[in-house]
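Hi,

Here is the structure I promised to pass on to you. My notes on it follow just below, so please read them with the model open.

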Amino acid sequence: MERLKIEDVRPHFFKIIYGEDVKQHLRIPPAFMKHLSQEKSNRATLTGPSGSHWSVTVSTDANGTYLQKGWKEFMKENSLGDNEFLTFRYDGNMQFYVKIFNKSGVKREAVPVSGNSNGKRARGRPRKRPVGSQDLHKQQLHGSEEGPGQSSRIIGKTAKPFISQSPHFTAGMTKANVEKPFFLRIPRSFSAAAQLPPSRRKVVLRDSAGKAWDVICIKGQGNHYLSGGWRSFARHNNLKQGDVCKFELVSIDEMQVHVL
């Protein structure tokens, strides 16, 4: 018997991540506000493709209603800012489920976001532990955790499912990571666990063949970044936009790089 397809009648709206204003806040379409007219809360919860949650403030002025404080963190943690197409499904009680489509038109898969452990966000700031865990120190050390049944491969060859007790983080490759200006932002939780200094320093990135690259790690605007030398590593390992890499700290100044 053919299964009937039930249409999703929940309210939706979409936004294209373009321009400078959307990096600061996101304006909810005025025509959509009829669905929020009975809501009293000044906070909304955004659920991303990874299943993680971000709490953002909702503010209104003469120009409209905006997702404000916490929106920047949602943008950064989901590596947005390159003309992505977002759909927002309203589930009631100020809860929105967000789908992300890259500018190629392809839907972004549900992979862990940069610096995130499938955990909730509180007041727009990253929570220090994953959902279901009571171990704060574990999250600070490991950055992001593998989900059930996930496997990975080291760049260049197949590997067993990724298991590590060392500090590590996951990063989805964006255009800025694999094309000009060629840099990679390191999550703050990993920076704290690895005790990265505020000053410029050299770190080593190593691939499965054992080849090592000297890469400069710098700090700016509260975050650490891989900068000089990252371009050579990304190009040699043929990293492309949409690839997902895991960076594992194996010594005080060396990381092993895996691609999921």
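Lys240 touches Met173 and Val178, leaving out residues up to four places away in sequence; contact here means heavy atoms within 4.5 Å. Lys240 is found in the loop between H6 and E17, and its C-alpha is 8.1 Å from that of Lys175, although the two are 65 residues apart in sequence. Lys240 counts as partly exposed because its relative accessibility is 46% (buried is under 20% relative accessible area, exposed over 50%, partly exposed in between, with a 1.4 Å probe and protein chains only).

A word on the source: this is a predicted model, in which local features need pLDDT of at least 70 and side-chain atom pairs count only at pLDDT 80 or more, while totals for chains, interfaces and linings use all residues. Residues are numbered from 1 along each chain as its sequence is written, and side-chain values use heavy atoms, with hydrogens and water left out.

Overall, the protein chain has 6 helices and 18 strands (DSSP runs numbered from the N terminus, with helices being H or I of at least four residues and strands E of at least two). Of its 260 residues, 43% are buried.

The largest nonpolar core has 26 residues, and Leu205, Leu226, Trp230 and Phe247 touch the most other members. Among the elements giving it two or more residues are strand E14 (201-206), helix H6 (230-236) and strand E17 (244-251). A second, separate core of 24 residues includes Phe32 and Leu86. Such a core is a set of buried Ala, Val, Leu, Ile, Met, Phe, Trp, Tyr and Cys residues joined through side-chain atoms within 4.5 Å. Beyond its neighbours within four places in sequence, Leu205 is in contact with residues including Trp213, Phe233 and Val257.

His258 sits in strand E18 (residues 254-259) and counts as buried because its relative accessibility is 6%. Its side chain makes a polar contact with the side chain of Glu248 at 3.1 Å (a pair of N or O atoms within 3.5 Å; within protein, one must be able to donate a hydrogen and the other to accept it, and residues adjacent in sequence count only if both atoms are side-chain atoms).

Best wishes
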